[in-house]
Amino acid sequence: MKRKQHIALLMAGTLLLSAVLPCTQAFQTDAAAKPKLSVKKISLNLNKSKKVQVKNVKKKQLKKVTWKAKNKKIVTIKKSGKLAATIKGKKTGTTKVTAKIYLKSKKKPVSAVVNVTVKKVKKPVKTPVTTPKSTAASLPPAGTPAASQPPQGSNKPWQEPSTILEAYNGIFKYMGTCANYYGYDEKKDQLRTRGTLDFITDNFNSITLENEMKPDSILSTWGIGVQTLTLAEAKENGYYIPENYPETIVPVLNLETVDRTLETLKKEGLQMRGHTFVWHQQTPVEFFVKNYSGNQKVTPEVMDARLEYFVRNVMRHVMDKEKQLTGSAGTLVYAWDMVNEYIHRTHDATSITWHNVYGDMGLEPSYLKKTFEIAYDELERYGVQDKVVLYYNDYNTYECADDIVSLVNFINQDATDKNGKAVNICGGIGMQSHLCVDYPTIENYGETLDKFLATGLEVSISELDVSTNYGKTGQDSQGWDKWEYIDLGQTDEDQADYIKSLMEMIVSKQKNLDHSKNQKGIAGVTIWGLYDKCSWKANTKPLLFGNSITDPKAAYYSFMDAAAIWYS
């Protein structure tokens, strides 16, 4: 009896399964047959065209297909039969083309989108064989790897580069971006996500941690603040304690993220700018007050000792880690932004910063000079003073170039190495270049670059982005101009035109560098972010890519095009 019941149940189950399977197969077939386009994205040269086909639809199933470009200035569309259209590049830029597919079996159309990028035609340029006026003037900066494109004077046709790094190889030693190891939101895990990391290594050879080497990241713990150790605990943990350190506790230095980043650099063949030590922003208030707690600021003498503790311990940790990973110091971090934005230091009475402790010292701040002296001493201690450069970094440099030159001259005044020889302990000037498509003028920016190159110091375009629709909207509570997004009618094409002119000017300065006055020139360019959506100024769309690393804008192509002037 039980056996018969078992057989009956088995047969019933089989019948049920056979009834379900056709439905499942039908569902899968319907899903697979959903109308779509033959491609998701295309790239066109100006005046060139490509055909896009509707797939998974037979003509007898179709009522009609309509095609529409989001920006009709970028492309033209011509139907090619009932199921296809030919898209032609009309103007450089990016746009979306939407196909609305009307089926006899459905009331509403099915939409399918193709992303279209239109770029200028690249024409091979032959440079006539000539003898350069000066061998030194025709060479790229010292230490630059051989260019993938032919050098000046070559009669080999110039080849279109496929990456940013390839386009500028031989022009600048470093082509960089800012990135995050942990980060947050759209910025998270950039140095730990394989696809993003592949994009970085393809296009750049340098990174700057966007926030994870700033003072608040190293001196404090998220959600907890500044933690401290007794001197005995600090020494046991390997911290350096300055001889004149007058306190009984020191702040814990959080360098785990820095370590993981250095390990990634070694593995991926990248290098890094260290950013930053002395800055009036993103530095915990506790660093400036007694016992690292409360609101009673310390004396300049105590702050001097804290400054030395901070700089020496971070630099020693990094260089020891480099030795562990590569066998020698100075191999992964090639530059340090020692001081950031001193010219634009705040005077906020509600907070406590370097300025509040030391007072306003104008263009002769002793604690900045001390910062460079300590750091240079550490470079000498590890024997890397000739390969690692200490920088002063600032923004809106085209408004305060003379002050920056005066400040750097003060820092370098009477500076000597351990043998008593005069040296520039501040060896570089970083030009933060958070620009707008209408400000500054290319001429003004170029004049500033000339002033910095005339110092004989190395120069870097340390933070580059170019905003659209960004302007003054009033003043904040401290009386500073307030800049925000505002609709000025500026387009991606306006951004592309500005970037093309800017980069052509910068490349021309490097190409025509007077090596008798400056041996190093422009060391590199760092684009401040991977794409608009993860930029600190996302709503002004300031970068070369839009919503992702697979979404190049017109600015990307103009940035690439600008490198060609090196070979003209």
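Rings of Phe, Tyr and Trp, the last through its six-membered ring, are taken to pair if their centres lie within 6.5 Å. On that basis Phe277, Phe287, Phe288, Phe310, Trp336, Tyr342, Trp354, Tyr358 and Tyr367 form one aromatic cluster, in what is a predicted model.

**Aromatic pairs**
- Across the whole structure, the search returns 22 aromatic pairs, among them the tilted pair of tyrosine 168 and phenylalanine 559, whose centres are 5.0 Å apart and whose planes make an angle of 50 degrees.
- Because tyrosine 168 belongs to helix 3 (residues 164-168) and phenylalanine 559 to helix 14 (residues 554-562), this pair ties together parts 391 residues apart in sequence, and both residues are buried.
- Phenylalanine 277 and phenylalanine 310 count as edge-to-face because their planes stand at 75 degrees, with ring centres 5.3 Å apart; the former lies in strand 13 (residues 271-279) and the latter in helix 8 (residues 300-326).
- Phenylalanine 277 is buried at 2% relative accessible area, and phenylalanine 310 is buried at 1%.

**Charges over rings**
- Arginine 273 lies over the face of tyrosine 391, 4.3 Å from the ring centre, while the charged end of arginine 316 sits over the ring of tyrosine 240, at 4.5 Å from its centre.

- Strand 17 (residues 458-467) pairs with strand 20 (residues 522-527) in the parallel sense over 4 bridges, and isoleucine 461 stands opposite valine 525 in strand 20.

**Cysteines**
- The structure holds 0 disulfides; the sulfur of cysteine 534 is 7.2 Å from its closest cysteine sulfur, that of cysteine 178, and is therefore too far for a bond.
- Cysteine 534 is buried at 4% relative accessible area, and cysteine 400 is buried at 8%.

Key: Residues numbered from 1 in each chain as written. Predicted model: local features only at pLDDT ≥ 70, side-chain atom pairs only at ≥ 80, totals over all residues. Heavy atoms only, no water. Pairing = 2+ DSSP bridges. Helix = DSSP H or I, 4+ residues; strand = E, 2+ residues; numbered from the N terminus. Disulfide = S-S within 2.5 Å. Buried < 20%, exposed > 50% of the residue type's maximum accessible area, 1.4 Å probe, protein only. Phe/Tyr/Trp six-rings, centres within 6.5 Å; stacked < 30°, edge-to-face > 60°. Lys NZ or Arg CZ within 6 Å of the ring centre and 35° of its normal.
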